[in-house]
Amino acid sequence: MKTPARILIVAALAVAVIGAVALKKGKTPVESKPAATAAGGEASKPAPATGAKVPKLIDLGADKCIPCKAMAPILEGLKKEYAGRFDVEFIDVWKNPDAGKQYGIEMIPTQIFYDASGKELFRHQGFFGKEDILGKWKELGVDISGGKAGAGIVREAPVAADTRPRESVCFMCDENVGTKTKTLVKGESEQRVLCSPHCYFIYFSSIVGADPKAAEAKVSVTDWASGNLVAATGATYLYGLDSKGRPTIKAFADKEAATKEQQASPGNLLAWDVLRSKELATRCAFCDRAVYPEDACGVKFGTTHGHGCCTHCSMGVAARLKQDIEVEAKDGLTGEIIRVKTLNGMVASLEPATAIAWFGQKKGPDGQWVSAGCFKQGFFVNEANLQKWLEARPAMTGRQITIAQALADKMKLTPEQIAKACKLGECK
Ligand SMILES: [Zn+2]
Ligand SMILES: [Zn+2]
């Protein structure tokens, strides 16, 4: 009677099956059929939403399958958070093979979505993240908001225009340009004003195929002592650290003046070449921009610890490396830690569960909304923090999105788009 079962473990997005596990203990012959993820059809077997007048999600899996294990806390969370709005049931088909059989599943985990009348609407094979599940209900037209739906913050026009003169705003980071650290890059027709040598290196690492020698020949920095602009490559740099561990860079035309300043504010005196190699040593693992680890998100992939220059870039690391990642981001307002783990290009876990993302966008010349760049993105532990952060940034435009959406936006980029990510003029 031991018919080999054909329940497969889907470890990736339905297409990438990495393991096939025969159902040894289970005596259930489960008929193998071509992957059917669409609603209806022969796959809709039972109508198990018995008695319940709310929609229902059934997850068929096993307690020992890896993607199933990743789903367990998500299902538990949904069960609590959406109690009374939709039911969540987990069926272990290894322990309870007959149950698996009646649903006609081919792989575990499989999630089946039922409306309140018990009609099957959709089934999905493989790991399915929280936001993806919630998004699917929405797509299926099932209201699970329980009247609590927040549309999220959308700001299409600035609350107040940015009236700062252009030459006092950093081209890269949008901060005010201080008179003692102003850095200029001469272009063909116009010059870029940057707030510091650090923003120059971010700028430099955002240019496709930039030649450092050619680029830096056009750079002037402000002499800390006199306030005059001098050639960047000839200056001496007093390189210290602030209380957060971020480098502080003071440029001096005259080495003696640098040595004098060093007495008052300790640091090391560096020539431009050394400064350059330090500044370019740590890069965003998605877009390759220079970053300071103190400003960046921590991104762990495999045994490697890397950085994402912004929260959205950190999600992009999963897309660029086609790997599961763990991200440690800081709330844009308070610095509280937000942890995201991905699995197969979806959010597997999010702490705190209330965390959301801000997608800073601006209207392009063609009227399309495009990313406003890495400095305008952020994650927040909740919507209230985002609200406060926005209040302090009246010129900011964009929209609130879920962290799953921030990841999904990156996952759908082509390799060509990823290669150009965050390059000047190509903000993806
Ligand atoms: Zn800047
Ligand atoms: Zn980046």
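Q: How many helices and strands are there in the protein chain?
A: This is a predicted model, and its protein chain has 11 helices and 24 strands.

Q: What makes strand 4 and strand 7 edge strands?
A: Look at the open sheet first: four strands, in the order 4-3-6-7, with mixed pairing. Strand 4 (87–92) and strand 7 (120–125) each have a single partner strand, so one side of each has no neighbour in the sheet. From one strand to the next, the twist averages 15 degrees.

Q: How do you know that strand 6 and strand 7 pair?
A: Pairing takes at least two bridges between two strands. Strand 6 (residues 110–114) and strand 7 share five bridges, in the antiparallel sense, so they count as a pair. If you want one to click on, Thr110 has Gln125 of strand 7 as its bridge partner.

Q: Why is the span of helix 1 called close to the expected one?
A: Helix 1 (residues 66–81) has 16 residues, and at 1.5 Å a residue you'd expect 22 Å; the reach from its first C-alpha to its last is 24 Å.

Q: Where does helix 1 bend?
A: At Ala72, by about 30 degrees, with a proline, Pro73, following within four residues.

Q: What makes a residue of helix 1 "buried", and which ones are?
A: The cut-off is 20 or more other C-beta atoms within 10 Å of the residue's own. In helix 1, the buried residues are Pro67, Cys68, Ala70, Met71, Ile74, Leu75 and Leu78. Over the protein chain, 40% of the 428 residues count as buried.

How values were computed:
Residues numbered from 1 in each chain as written. Chains lettered and ligands numbered in written order. Predicted model: local features only at pLDDT ≥ 70, side-chain atom pairs only at ≥ 80, totals over all residues. Helix = DSSP H or I, 4+ residues; strand = E, 2+ residues; numbered from the N terminus. Axes fitted to C-alpha atoms, helices over the stretch in contact; angles between N-to-C directions. Expected span 1.5 Å × (residues − 1). Bend = angle between axes of the 7 residues up to and from the residue. Buried ≥ 20, exposed ≤ 12 C-beta atoms within 10 Å, placed from the backbone.
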